[in-house]
Structures are given as C-alpha cells and as structure tokens.
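Please open the sequence and the structure side by side. The points below go through them one at a time.

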Amino acid sequence: MSVLAPSRLALAQDALALAQAEPDRARRLASTALAGTQPAEDPEVAVVAEWALGVAAWTREDLAEARRHLVRAVELADASGLRTRAAEARTSLLLVLASLGELPEALRQADLAAGVLSGAAAARLTGQRAIVLHRLGRHDEALVGYRRALAGMRRWGDRDREARLLSNRGVLHAHRGDYRAATADLLAAERLHVELGHELSAAEVR
C-alpha cells in the first residue's frame, strides 16, 4: 500500500506548527512547500509558508527577515481575499513591528485584524494589541486588553499564552506602582510556567 505524500498546504501548516520549537526544520518544510509553486496558483500555501518563515525568523531573532516574510504573507493574503489568513499573519507581524520600534504601525496592523478572528485567535490578537498599547504608554487601555485576553486564554485553555500575558501584565502593574497586583500576576505566571515545564520562562519571571 502506497503512502501519499503530504500536500503543499499540509507541509506549510506543519512548518507553522514547528516554527517556534524547531525553526530550522520549519524553514526547510516551508521552503519545500513553496518550491515550484506560484502564489497565484495556490495563494493559501504561499501565505502559510511565508507566515511560517516569518515566525521561524522571529524565533531566531532575525527581525528584518521576520518582517519581510510576514509582510509578504499579509500582502498575499490581502490580494487573494484570504481575510482570516491575513488577520492571523498580522497577529504575528505586529509583534515584530513592535520589537523594531514601529509601534504606530504595529497598532494599525492589530486594528486591521480586529473583528476578523474569533475564539482563541481573537484572544491572542487582543493580547498582542495590549502589549503594543503597553509599550506606547497607554496603560489603562493595555490593562483592559490584558484582562480580556486572559479571559479568552482561560476559556480556550491556552495556558502557555496565559502565563506570558500574566507576566506582561505584572510588569505593567509595576510600572504603575501597583506592586501588590504586580506580585500576584508574576507569582501566578511563575506557577503556570513551572506546571508547564517551562523552567527558563519561570526563571525569567523570577
């Protein structure tokens, strides 16, 4: 019995799933998915593969490459009418932009993606947008965003992102001088990271 080779879209999706844990392997899979294919022929494959390459570059801390691939993913998705894919890629792009200091553009990308996503993806976008607001010094808005995002993370069982957002919100509380709330969030983030086996992240929170 023959085994069917994975489709290009399946390869691209596998690359995206591995982009943070195994960025080098993700790059190989995404490049294989893109090889010999034109975006006009199968735009979703191109979008997901470029998205995966962008996240892999972000993981390797190559922000310029991450920006290039994620902008490409968004542009291809927009041109092809793939609204959900465009919003998902923007959720990754906005953090890269924020890390590059392009905060107004990061917020614009978040606002363009708002209203398109639902469920866990919407909660993730809300959390990313709160991070940008935090960096912009819009602390009251950031707190509202963190609260909404955390409710979504808990609803959808995304404990990894819940831990990260608690850590971010703890830092924001500290910036505002609310050290009791900061301590509560940071201790909760530490506990979650320990439960998840993320010892390095737990140490960073400490």
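**Notes on the predicted model**

1. The largest nonpolar core has 61 residues, and Leu94, Val132 and Tyr146 are the ones that touch the most other members. Helix α3 gives this core its largest share, eleven residues. Now select Val132. Leaving aside residues up to four places away in sequence, Val132 touches Leu94, Ala98, Leu103, Ala106 and Leu107.

2. **The overall fold.** The chain has eleven helices and zero strands. Its radius of gyration is 18 Å, close to the 17 Å that the globule rule gives for 206 residues, so the chain is as compact as a globular protein of that length. The C-alpha trace spans about 60 × 40 × 30 Å along its principal axes. Of the 206 residues, 44% count as buried. Now look at contacts with a separation of 6 or more. Residues 24 or more positions apart account for 53% of them.

3. **Helix α1.** Which residues of helix α1 are buried? In this helix, residues 8-18, they are Leu11, Ala12, Ala15 and Leu18. They cover an arc of only 130° around the axis, which puts them on the same side of α1. The cover over these buried residues includes α2 (23-34) and α3 (43-59).

4. **Helix α6.** The buried residues of α6 are Leu103, Ala106, Leu107, Gln109, Ala110 and Ala113. Seen down the axis, they fall within an arc of 160°, so they line one face of the helix. They pack against α5 and α7. Three of these names have come up already: Leu103, Ala106 and Leu107 are among the residues that Val132 touches. Just after α6, Gly115 takes a positive phi of about 85°.

5. Glu61 has a phi near 65°, a positive value in a residue other than glycine. Where is Glu61 found? It is in the loop between α3 and α4 (63-80). Is Glu61 buried or exposed? Its relative accessibility is 68%, so Glu61 counts as exposed.

6. Asp78 has 41% relative accessibility, so it counts as partly exposed. Arg90 is buried, because its relative accessible area is 10% and the cut-off is under 20%.

7. **A salt bridge within one helix.** Arg108 forms a salt bridge with Glu105, and the closest N and O atoms are 2.9 Å apart. The two residues are three places apart in helix α6 (residues 103-113), so about one helical turn separates them. Arg108 is partly exposed, with a relative accessible area of 45%. Glu105 is partly exposed as well, at 26%.

8. Glu162 forms a salt bridge with Arg154, and here the closest N and O atoms are 2.9 Å apart. Glu162 is buried, with a relative accessible area of 11%. Arg154, at 47% relative accessibility, counts as partly exposed. Elsewhere, Glu44, Arg85 and Glu88 are linked in a network of salt bridges.

9. **A buried charge to check.** Finish with Arg124, in helix α7 (residues 119-135). Arg124 is buried yet has no salt bridge. How far away is the nearest side chain of opposite charge? That side chain is Asp158, and it is 6.8 Å away. A salt bridge needs a nitrogen and an oxygen within 4 Å. What does Arg124 touch? Not counting residues up to four places away in sequence, it touches Glu88, Thr91, Ser92, Met153 and Arg161. Glu88 is on this list, and Glu88 also belongs to the salt-bridge network with Glu44 and Arg85.

Definitions and conventions
Residues numbered from 1 in each chain as written. Predicted model: local features only at pLDDT ≥ 70, side-chain atom pairs only at ≥ 80, totals over all residues. Heavy atoms only, no water. Helix = DSSP H or I, 4+ residues; strand = E, 2+ residues; numbered from the N terminus. Buried < 20%, exposed > 50% of the residue type's maximum accessible area, 1.4 Å probe, protein only. Lys, Arg positive; Asp, Glu negative; His and termini not counted. Contact = heavy atoms within 4.5 Å. Arc of directions from axis to C-beta. Core = buried A, V, L, I, M, F, W, Y, C linked by side-chain atoms within 4.5 Å. Rg over C-alpha atoms; globule rule 2.2 N^0.38 Å.
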